[in-house]
Amino acid sequence: MMEAESKKERKRRTELLKFYGGGGEDVNTPYDINSKHFNLDMYVQKTIKESSLKQLLETEAKLVGEVQSLDSDCQTLVYDHYDKFIAAADIVRKMKEGSVSMEGQITRLQENMAGITSSSTTITEALQERRADLGRLLGVHGTLKKLEFLFHLPHKIDECIADKNFSEGVVSYVETAEVLHRYRHLPSFTAIHQDCQAAVSRLNTALKNQLALKEGSARELTESVDLLLQLGEPAEGLCDDFLAHARTKLEEDLANLASLAQATAPALQTLPTDSGQQPDSTTTSATTLQTPTEDHTSTQTPPMDILEFVDRCHETFVGNLWIVISSYKEMFLRSPEEGGSVCTGIAVDKLRVFVGELVEQYVAVVGVRVAGEPDTAHYGPLTTALDKFHRRLHAITQLLPNTNFGEVALGLVLEAGEARCQASLNALKAGLTASLADVRHALAAPRHPTQDGADAATRHLNEHLTRLVAATAAAIKDRVTALQAFTQPKHTFAVVAEFRRRYCRELVREGVVVAFFLHLTTTVLDLAHRKDKDPVLLLLLSRMCLDLHTSTVHYLLSHCDEQLQLEDKAGLTPLSTITAGMRDAGQALLNQYVHTQGANISQMLRRSVEVKDWLGCGEPRSVRRVMRTVLDDLSTIDTQVGALYEDGSQRDRSSDSSRRTYHSLSVSRGGARSAWSYTPSQLDNSLVANLNKLWSERIEIFAPVEFTRVSILTGIVKISLKTLLESVRLRTLSRFGLQQVQVDVHFLRTFLWSYVADEQVLNVLLDEVVTSASVRCCDPELMEQRVVEFICEQS
């Protein structure tokens, strides 16, 4: 066991020696130039044997450099050591010289200390006998000084009252009150005690008079109450007095702020605003705070910025209220261990009622000023002022526990936000009205014809549509961005969940964006039912509603939700409701446009049928002028519709449609029956008429149209031809009159097919016109087809 431990010890020692370079042998040690076992001859022989001439020269140069480096290091080390040696020698010499003079000084110091000790001993021995007498005399002197202070105390208190240095008088009395009370039964102290009590009574009266001064500040009021408490005045009565006098001063501050708010608001209301809307001039109960003597300031006070007004509130009312609350708590709400009264609950309730009433009036005053702030669509100063207002009331809540003035402040912030949202909605409504008015005026303005008239009209309508949609979207985005100032994270009220729920969801999204979309839908529908409606405006608004339904509403709502960070959409108006309303409005406008244009052409056709003498007319030589006018109007309508809507699908035209005609028509002698050839086979005329009537009844004339050019033109053509049909049914025609109708119908058939989605509908209506005319004809005989085609080609 011992041998094993000794081996471990030797091994450990060997490792330590190797680590510190003191042990362990290496086979290359004689060749190591840095080793103490270095052998010069062996190293030289080995180097000459193993190295080439070039390597030997390099080794020589390396060794020469190392030798020079070591020589330089050695010289530097020697010089350094020499300098240190010289410095050490100088220090030793100086210490030796100084120690010689120091020995004499130490000797003199010892002699002086010995003399002092001897004198102290002599004095102590001399005064030993009189020490007790001196102590007794010093005690008597102190007592006499105290008695002198007590004798002069009433006079000193009166001097403090005269100089209004009440704090010094109270301190002087408080320091001696215990002594006076303890020795008041002694005859010599009775008179002093009575004089002091009379002086304290006068001091108490002076403090109460100081407390009653209205011009005193909150700090002076607090100091007076604190001094009265030190004089032993009952705290219960002082609570009421303190709050009553504080109320007077604070209500005076509120009156000044109220007059300032009322003087500033009308001046601001006269300034121009971005939205053209006048701010709400509604006043609150805070107007009653203005005193009659301050009415003249309303015309003299210049307009004050909202931030400056809130800072003024903080410097005056809020600052004084803060001092009153802090002083009240320090004086009346101390614990019994700190010398306070045990009835702190009653004092706390009084303070809460007091502060609550004043804060309510203060919020009303600020509400007047906020209501008078104009709507400039830049709410940065307003929200900053509201944030300061909210922070300071919240700070009062923290100063006075079990109160929540932050909710009162938040209510005013919500009122301000609601007013700005309403102003934004009114501005959007006014902007929409102005945009619609501009479009109406532009559409009604006369335009000079140009060579590219159709293209110019197309660009004209497209520009109006783009400008109208872009202006609406930009106005909504700008208003949402402006209202987003209320939700900045730097504002304390913006992080309150209740505020974000009501403001972001109810006021901005629902109250501004959604409400404006609903207003837009209602407005365009009202335009559709006006008597002086412009058909082109109806067409333009229908396309606007379609664009809003397709993409714009979705984009604007998504932008609003993103800006306001609305992730929970529960309870909000869904996108489908708004887009469905937009599509319904667009459909209604488009239907109204079709009905209006159809009615215009129908009126022209009906008057042309009514004014013509169908019994006395001559043989037709051309198409009536009204038919060409109808085609011109339809061409204009087609240009307008094509500028805003896509073409849509249209059935291919049948190959024999151009050859469709009436071959012959004959009437029996009695006129009760007639037969005419609708096809190569001969059919009874009444049967053909009934078949055409049955087919025409399947065509819905006033059916809703689709959002395509062909569907819109088809609806107008159906209304127009139906009117022509009904007008012809009410007239009696001669043979030439029937032939004129035949020529007109062929002319319409030749050109109207490009405007309708289904040529079969056009043929049915036109066939029924000719059929009705033949039924109402006295001598029905149709013109030959080639003659009809020739007349139409010449026209």
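**Exercise 1. Find how the span of helix 9 compares with the expected value, then locate its bend and its N-terminal cap.**

Step 1. Helix 9 covers residues 306-332, which makes 27 residues. At 1.5 Å a residue, 39 Å is expected. From first C-alpha to last, helix 9 reaches 36 Å, close to that value. The model is predicted.

Step 2. Look for the bend. Helix 9 bends by about 40° at H314.

Step 3. Turn to the N-terminal end. D305 caps helix 9 there. A side-chain oxygen of D305 lies 2.9 Å from the backbone nitrogen of L307.

**Exercise 2. Repeat the span check for helix 14 and locate its kink.**

Step 1. Helix 14 holds 32 residues, 497-528. The expected span is 1.5 Å times one less than the number of residues, so helix 14 should span 46 Å.

Step 2. The end C-alpha atoms of helix 14 are 43 Å apart, which agrees.

Step 3. A kink of about 35° is centred on R509 in helix 14.

**Exercise 3. Check the span of helix 17 and list its buried residues.**

Step 1. Helix 17 runs over residues 625-644, 20 residues in total. At 1.5 Å a residue, helix 17 should span 28 Å. Its end C-alpha atoms are 30 Å apart, in agreement.

Step 2. The buried residues of helix 17 are V626, M627, V630, L631, L634, I637, D638, Q640, V641, A643 and L644.

**Exercise 4. Is D767 buried or exposed, and which side chain does D767 contact?**

Step 1. D767 sits in helix 21, residues 759-775.

Step 2. Apply the cut-off. Buried means under 20% relative accessible area. D767 has 2%, so D767 is buried.

Step 3. Find the partner. The side chains of D767 and R749 are joined by a polar contact of 3.1 Å.

**Exercise 5. What is the mean pLDDT of the protein chain, and how many contacts does the model have for residues 656-683?**

Step 1. The mean pLDDT is 77, with 70% of residues at 70 or more.

Step 2. Residues 336-342 have pLDDT below 50. Beyond near neighbours in sequence, that stretch has 6 contacts in the model.

Step 3. Over residues 656-683, pLDDT stays under 50. Here the model has 50 contacts beyond four places in sequence.

Note on methods: Residues numbered from 1 in each chain as written. Predicted model: local features only at pLDDT ≥ 70, side-chain atom pairs only at ≥ 80, totals over all residues. Heavy atoms only, no water. Helix = DSSP H or I, 4+ residues; strand = E, 2+ residues; numbered from the N terminus. Buried < 20%, exposed > 50% of the residue type's maximum accessible area, 1.4 Å probe, protein only. Polar contact = N/O pair within 3.5 Å; in protein donor to acceptor, adjacent residues only side chain to side chain. pLDDT = per-residue confidence, 0-100. Contact = heavy atoms within 4.5 Å. Bend = angle between axes of the 7 residues up to and from the residue.
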